[in-house]
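Subject: Structure for your review

Dear colleague,

Please find the structure below, together with its sequence. My notes on what was found follow it.

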Amino acid sequence: MTAEKCAHVMCVFTGICLLALTVQSFPVQTAETGGDAVRAEAPRVALTFDDGPDALCTARLLDGLKERQIPATFFIQGKCIEGQEDLILRMYQEGHLIGNHTYDHVKLTSVSDQDAVRQVIKTSNAIYEITGEYPTYIRPPFGEWRDDLDCHVEMIPVLWSLDSRDWVLQDTDQVVSRVLESVEDGDIILLHDIFETSVDAALEIADTLLEEGYEFVTVEDMIIE
Ligand SMILES: [Zn+2]
């Protein structure tokens, strides 16, 4: 992925050099083109939220994301879906990526093959009932995926690169500091949309990173590009 990115950068800059040679009489245009190239390579992060949806927290988070026009990824628990169908439809319609977080938040490595498959499929089916689309990505609870499930469920496991530890800290300022101190281009940030403090922290983190020129993407866009 890094090699492709580098190749792309080289390409872009080679293009600029050629352009600069051919439009020497318009130095201002050349400078602007250079500015565009820098913006195209903006650092990117993916905010991910596990364990929801929660009627209050998730709704407030969606409001905040909409206001900032940034996408996120939600790994939802099947058992939390009933009664929150409108919220899930809203996530989907507002451009967020919806992933699977098992039905009962089980450690997939600690249950039988049959139960593990049931946990995943039951959740995917419930999401499909609402959005009309089966989720492609799964975040296994506790980060414990089983490769042998690949033959039974076609899902791509996604972990994280930056753990906000929001579920332990439950303190907005501490979560914000922890993330902003170590965030880097390409990070997949783990948060939970079941705590008010996490929602506040996520939106504060978003504001700061937007000011710093970061682009927000879903995990799909982060993984594919
Ligand atoms: Zn979880």
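To begin with a charged pair, Glu94 and Arg90 form a salt bridge in which the closest N and O atoms are 2.9 Å apart; a salt bridge here is a side-chain nitrogen of Lys or Arg within 4 Å of a carboxyl oxygen of Asp or Glu. Glu94 is partly exposed, with a relative accessible area of 27%. On this scale, buried means under 20% relative accessible area, exposed over 50% and partly exposed in between, with a 1.4 Å probe and protein chains only. Through salt bridges with shared partners, Asp63, Lys66, Arg90 and Glu94 are joined into one network.

Before the remaining findings, please note that this is a predicted model, in which local features need pLDDT of at least 70 and side-chain atom pairs count only at pLDDT 80 or more, while totals for chains, interfaces and linings use all residues. Residues are numbered from 1 along each chain as its sequence is written, and side-chain values use heavy atoms, with hydrogens and water left out.

In one of them the side chains of Asp63 and Arg90 meet at 2.8 Å, N to O. Asp63 lies in helix α3 and Arg90 in helix α4, so this pair ties together parts that are 27 residues apart in sequence. Asp63 is partly exposed, at a relative accessible area of 42%. Arg68 forms a salt bridge with Asp207, where the closest N and O atoms are 2.7 Å apart. Because Arg68 lies in helix α3 and Asp207 in helix α8, the pair ties together parts that are 139 residues apart in sequence. Asp207 counts as partly exposed, with 32% relative accessibility.

Overall fold

The protein chain has 9 helices and 8 strands; helices (H or I, at least four residues) and strands (E, at least two) are DSSP runs, numbered from the N terminus. Of its 225 residues, 44% count as buried. Strand β2 (residues 73-76) pairs with β3 in the parallel sense over 4 bridges, where pairing requires that DSSP finds at least two bridges between the strands. Within this pair, Thr73 stands opposite Leu97 in β3. Strand β3 (residues 97-100) is covered on both faces: Leu97 and Gly99 on one side, and Ile98 and Asn100 on the other, are all buried.

Nonpolar cores

A nonpolar core is a set of buried Ala, Val, Leu, Ile, Met, Phe, Trp, Tyr and Cys residues joined through side-chain atoms within 4.5 Å. The largest one has 36 residues, and those with the most contacts inside it are Leu47, Phe49, Leu61, Phe74, Ile76, Val183 and Ile189. Among the elements that each supply at least two residues of this core are β1 (44-50), α3 (55-68), α5 (113-131) and β7 (187-192). Helix α8 gives the largest share of this core, 7 residues. A second, separate core of 10 residues includes Val106, Leu108, Ile138 and Met155. Leaving aside neighbours within four places in sequence, Val183 is in contact with Val45, Leu162, Ile189, Leu209 and Tyr214; contact means heavy atoms within 4.5 Å.

Asp51 (OD), His101 (NE2) and His105 (NE2) coordinate the zinc ion at 2.0 to 2.1 Å. Donors are N, O and S atoms within 2.8 Å of the metal (3.2 Å for Na, K and Ca); water is not among the atoms, so sites may look incomplete. The spacing of the donor residues in sequence is D-x49-H-x3-H. His101 is buried, with a relative accessible area of 2%, and Asp51 counts as buried at 12% relative accessibility.

Asp51 is placed in the loop between β1 and α3, and its phi is near 85°, a positive value in a residue other than glycine. Pro53 is also in the loop between β1 and α3, and the peptide bond from Gly52 to Pro53 is cis, with omega near 0°. Most residues other than glycine have a negative phi, and most peptide bonds are trans. Gln69, in the loop between α3 and β2, has a positive phi near 55° and counts as exposed at 74% relative accessibility.

With kind regards
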